[in-house]
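Have a look at the chain shown below.

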Amino acid sequence: MRTGTIPRVLGTAAALAALLTTALAAPAVAERSTTPGRAPVQAAAPADFTHPGVLVSRPQLDFVRGRVQAGAQPWKSAYDQMMGSKYASLTRTAKPRAVVECGSYSNPNNGCTDEREDAIAAYTLSLAWYITQDSRYAQKTIQIMDAWSAVIKDHTNSNAPLQTGWAGSSWPRAAEIIKYTYSSWPNSGRFGTMLRDVYLPEVAGGSHSNGNWELSMTEAAIGIAVFLEDRAAYDKAVGKFRGRVPAYIYVTADGSLPKVAPGSGLDTRAKVINYWQGQSTFMDGLSQETCRDLTHTGYGLSAISHIAETSRIQGQDLYPEIADRLRHAMGLHAKHQLGTPVPSSLCGGSLKDSLGPVTEVGFNALANRLGYAMTNTQTLTERQRPAGSNNLFVAWETLTHANNPA
């Protein structure tokens, strides 16, 4: 177990080798391999897990605390935004239930909003604890996490996998900060049992629904694996990630059709186009959900960046493997959200909605750390600051990741 370690970065050769795992072996039209005969590179969990290590690390948290204490922008305004939100309230009462039932679009909504918002509140309060070192925030975080770990047994109905992915993405972030930076959490083991028994089985198998489902579920799975120090669960999550990202973001090197996720059954051109919302013209950065709307696309891009960020903290940097896809995707959608006219070849000339507060993590990694020029993404990111919460699984990323070098 490592605490507060600045993560290692894969060398170029390792990154290129890891890219080969996205090649798909089936003979279907969309499942072509670019490197026949090469054995796939296996996922490799860290020998020692870094804690706190889900989305944010101790060096990142120390950087944020220093910037806030100095009154520097944009961190101070982002901190004020977070502390003024309902999620930072010290009078919050958790609303756990044994069974959370979520239908399509959360109808019915039997505990869905309560669970997601309590999980976001736990993460928010854990950040407040670390920045202020006021133990009241840590105690409130523990109170919320203990309330849920004492009660919840299952998620049901059609949106159960996605709901579990959303809430399961936020819980480990909070749990990591509290377990590894606060003095005492007697029920941390019970919380781990909750993650292992209630959340992990629901998300570990992935999904063949729209790509944001599997990506959010995989984000939850990798965060849970870090908290549990479960190397097998970590490896499985990375395998899902490597299969799904090339099937979610198209680049011209893929050929005439996008790649497909292993086991998807998308074995004809017609099936692939239908899955891509009827889009038959493909361009760098196009997402499987672009022609659905930008909001769901934003969910997918956010989960991709979160997974890569956690892997980077754990010393197995996945960013080099997906950097080209992610930078093109962020740039394409940012460009049109900023007002560049949408060509008729893209979703019939019209895009719906907006990405949401989801660009900080990926932009910081790709532009600031890896040095990619990302003008449109930078403009959108800075325009949206401070980025708040989408009330699902994204929260306070200007505070945690804006220009964060750690």
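## Helices α9 and α12

Helix α9 (residues 231-248) and helix α12 (residues 319-337) have axes that come within 10 Å and cross at roughly 20°. Helices here are DSSP runs of H or I with at least four residues, and strands are runs of E with at least two, both numbered from the N terminus. The axes are lines fitted to C-alpha atoms, for helices over the stretch in contact, and angles run from 0 to 180 degrees between N-to-C directions. α9 and α12 are therefore roughly parallel to each other. Angles under 35 degrees count as roughly parallel, over 145 as roughly antiparallel, 65 to 115 as roughly perpendicular and the rest as oblique.

Which residues of α9 and α12 meet? Phe-241, Arg-242, Val-245 and Pro-246 from α9 meet Glu-321, Ile-322 and Arg-325 from α12, where contact means heavy atoms within 4.5 Å. Four residues of this contact are nonpolar, none is polar and three are charged. In this scheme Ala, Val, Leu, Ile, Met, Phe, Trp, Tyr, Cys and Pro count as nonpolar, Asp, Glu, Lys and Arg as charged, and the others, Gly among them, as polar.

## How to read the model

This is a predicted model, in which local features need pLDDT of at least 70 and side-chain atom pairs count only at pLDDT 80 or more, while totals for chains, interfaces and linings use all residues. Residues are numbered from 1 along each chain as its sequence is written, and side-chain values use heavy atoms, with hydrogens and water left out.

## α12 meets α13

Helix α12 also has a contact with helix α13 (residues 360-369): their axes come within 10 Å and cross at roughly 120°. On the α12 side are Tyr-319, Ala-323, Leu-326, Arg-327 and Met-330, which meet Val-361, Gly-362, Phe-363, Ala-365 and Leu-366 of α13. This contact has eight nonpolar residues, one polar and one charged.

## α2 and α3

Now turn to helix α2 (residues 58-69) and helix α3 (residues 75-83), whose axes come within 8 Å and cross at roughly 95°. α2 and α3 are therefore roughly perpendicular to each other. Phe-63, Arg-67 and Val-68 in α2 meet Trp-75, Lys-76 and Tyr-79 in α3. Here the residues divide into four nonpolar, no polar and two charged.

## A cavity

How many cavities of 30 Å³ or more are there? The count is one. A cavity is a set of points, on a 1 Å grid over the protein atoms alone, where a 1.4 Å probe fits but cannot get out, and its lining residues have an atom within 4 Å of a point. Grid points are joined across faces, edges and corners, and the volume is the space filled by probe spheres set on the points.

The largest cavity holds about 30 Å³ of space. Its lining is made up of Leu-301, Ser-302, Ser-305, Met-330, Val-358, Thr-359 and Gly-362. Helix α11 (residues 294-313) gives the most, with three residues. Three lining residues are nonpolar, four are polar and none is charged.

Most residues other than glycine have a negative phi, and most peptide bonds are trans. The bond from His-51 to Pro-52 is cis, with omega near -15°, and Pro-52 lies in the loop between β2 (50-51) and β3 (53-54). Another cis peptide bond joins Arg-385 and Pro-386, with omega about -5°; Pro-386 sits in the loop between α14 (375-383) and α15 (397-401).

Ser-106 has a positive phi, near 55°, and is not a glycine. You can find Ser-106 in the loop between β5 (99-102) and β6 (109-110).

Note on methods: On a 1 Å grid over the protein atoms alone, a cavity is a set of points where a 1.4 Å probe fits but cannot get out, and a pocket is an open set with protein on both sides within 12 Å along at least five of seven lines; lining residues have an atom within 4 Å of a point.
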